[in-house]
Amino acid sequence: MAESPVLLNKHEVERLLSYDDLIPRLESVMGKFSKRDSSEMIQPVRSVVPIQQHSGFLGVMPAYLAAEGILCTKMVTFYQRPEGSSLPSTQATVLLFHPEHGHVTAIMDGEAITAKRTAAVSAISAKLFMPALSEVLCILGSGQQARSHYDVFTKVFKFKEVRVWSRRREMAHRFVNDLQGPVRVCSSVKEAVTGADVIVTATGASEPVLFGEWVKPGAHVAAVGACRPDWRELDDVLMRGAVVYVDSREGATAESGDIILSGAQVFAELGEVINGSFPAQREKTTIFKSLGMGIQDAVSAKLVLEKWNSKH
């Protein structure tokens, strides 16, 4: 009879999952994904169930990595909350299965995994695409993704200035007060992004908040919000004028309103750049449109379980 699954809460996942371990694993798995060897890796496009009465969605993200022996699925809910709501916009749970026997080996908090793996992949994109001399980081948003992006970007890179904007100014100040180091709260998106070398958009916006006329030529944008085909964070000028990279072509053309509604062309997947089959056009304005992938959750969850097992 199968043993009871390991149960890991958010605090435990955050403690066990380090960026130093996570980033190399994500680079490796995304490179493998972009080679499209279907026997090696199976990842359907995310299934989404609308919850119309409550302005929400349930997403299911399964993945099987044969070589690594990982069978995993994440279940995530995401909601458009009214302004002032104390409820989180996203909540998630990750299940790891025994690939051969089929039973659940671990159940763990998916919010910490989502926040850390998303930020880590954005950092990988910045490593490849941001200007060689990047001094100013701008973060649009003040939620969990904004915090995880601040943590990894200030860990991996050295910026002279960090700027933050949030639709609710008091949330921006609350976010900044929890951080270590000098961070400036800006009163408008334009003020925040003008002259910035790297811009992270981690908002709950469904209409564009970042406009191409404000973005300095050669800047890098890591866009992690707007995960529905009718939601956007970036305007047409920015989308059409930049070199656009994605995590998955299939996911981006099915789910990203920024890409679908602008008609922008996808230049390459991040994994294709990691593999060397497409160039990193660092000298141009670049966008990495991140939607998240089941394989990212899978390798993250496996890493967490390995760390837990090594301590028990």
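This is a predicted model: local features need pLDDT of at least 70, side-chain atom pairs count only at pLDDT 80 or more; totals for chains, interfaces and linings use all residues.
**A walk through the salt bridges, sheet and cores**

R249 is partly exposed, with a relative accessibility of 27%. R249 sits in helix α8. Which residue does the side chain of R249 meet in a salt bridge? The partner is E272, with an N to O distance of 2.8 Å. E272 belongs to helix α10, residues 270-275. The pair therefore ties together parts that lie 23 residues apart in sequence. E272 counts as buried, because its relative accessibility is 12% and the buried class covers values under 20%.

R232, D236, R240, D258 and K289 belong to one network, joined by salt bridges that share partners.

The total for the model is 22 salt bridges. One of them pairs E250 with R36, whose closest N and O atoms are 2.8 Å apart. E250 is partly exposed at 38% relative accessible area. R36 is partly exposed too, at 35%.

R36 also meets E269. Their side chains form a salt bridge at 2.4 Å, N to O. E269 lies in strand β14, residues 266-269, and R36 in the loop between α2 and β2, so here the parts tied together are 233 residues apart in sequence. Is E269 buried or exposed? E269 is buried, at 0% relative accessibility.

Strand β14 leads on to the sheet. What is the order of its strands? The open sheet has 8 strands, running β10-β9-β8-β11-β12-β15-β13-β14, with parallel pairing. At the edges stand β10 (184-185) and β14, each of which pairs on one side only. Inside the order, β13 (residues 243-246) and β15 (residues 286-289) run parallel and are joined by 4 bridges. Y245 stands opposite F288 of β15. In a regular strand, side chains alternate between the two faces of the sheet.

Next come strands β1, β6 and β7. Strand β1 (residues 6-8) runs parallel to strand β7 (residues 104-109), and 3 bridges join them. L8 has M108 in β7 as its bridge partner. Strand β6 (residues 90-97) pairs with β7 as well, in the antiparallel sense, over 5 bridges. L96 is opposite A106 of β7. How many residues lie between β6 and β7 in their hairpin? There are 6, and G102 in the turn has a positive phi of about 90 degrees.

Now to the helices, starting with α4. This helix has 13 residues and spans 18 Å from first C-alpha to last, close to the 18 Å expected at 1.5 Å a residue. Its buried residues are A146, S148, H149, Y150, V152 and F153. What do these buried residues pack against? They pack against α2, α3, β8 (136-140), β9 (161-165), α5 (169-177) and β11 (198-201).

Take H149 as a close-up. H149 is part of helix α4, residues 144-156. At 0% relative accessibility, H149 is buried. Setting aside neighbours within four places in sequence, H149 contacts T118, A119, S122, V200 and V224.

In soluble globular proteins, nonpolar side chains tend to be buried together. Here the largest nonpolar core has 67 residues, and L65, L96, M108, L137, F153 and I295 have the most contacts inside it. Helix α3 (residues 110-129) gives the largest share of this core, 9 residues. The core draws at least three residues from each of domain 1 (6-113 + 295-310) and domain 2 (116-293).

A second, separate core has 27 residues, among them W165, I199, A223 and L238.

Finish at L65 of the largest core. Beyond residues up to four places away in sequence, L65 touches V29, E40, M41, I70, I295, A298 and V299.

Methods:
Residues are numbered from 1 along each chain as its sequence is written. Side-chain values use heavy atoms; hydrogens and water are left out. A salt bridge is a side-chain nitrogen of Lys or Arg within 4 Å of a carboxyl oxygen of Asp or Glu. Buried means under 20% relative accessible area, exposed over 50%, partly exposed in between (1.4 Å probe, protein chains only). Helices (H or I, at least four residues) and strands (E, at least two) are DSSP runs, numbered from the N terminus. Two strands pair if DSSP finds at least two bridges between them. Contact means heavy atoms within 4.5 Å. A nonpolar core is a set of buried Ala, Val, Leu, Ile, Met, Phe, Trp, Tyr and Cys residues joined through side-chain atoms within 4.5 Å. Domain bounds come from an automatic or database domain assignment. The expected span of a helix is 1.5 Å times one less than its number of residues.
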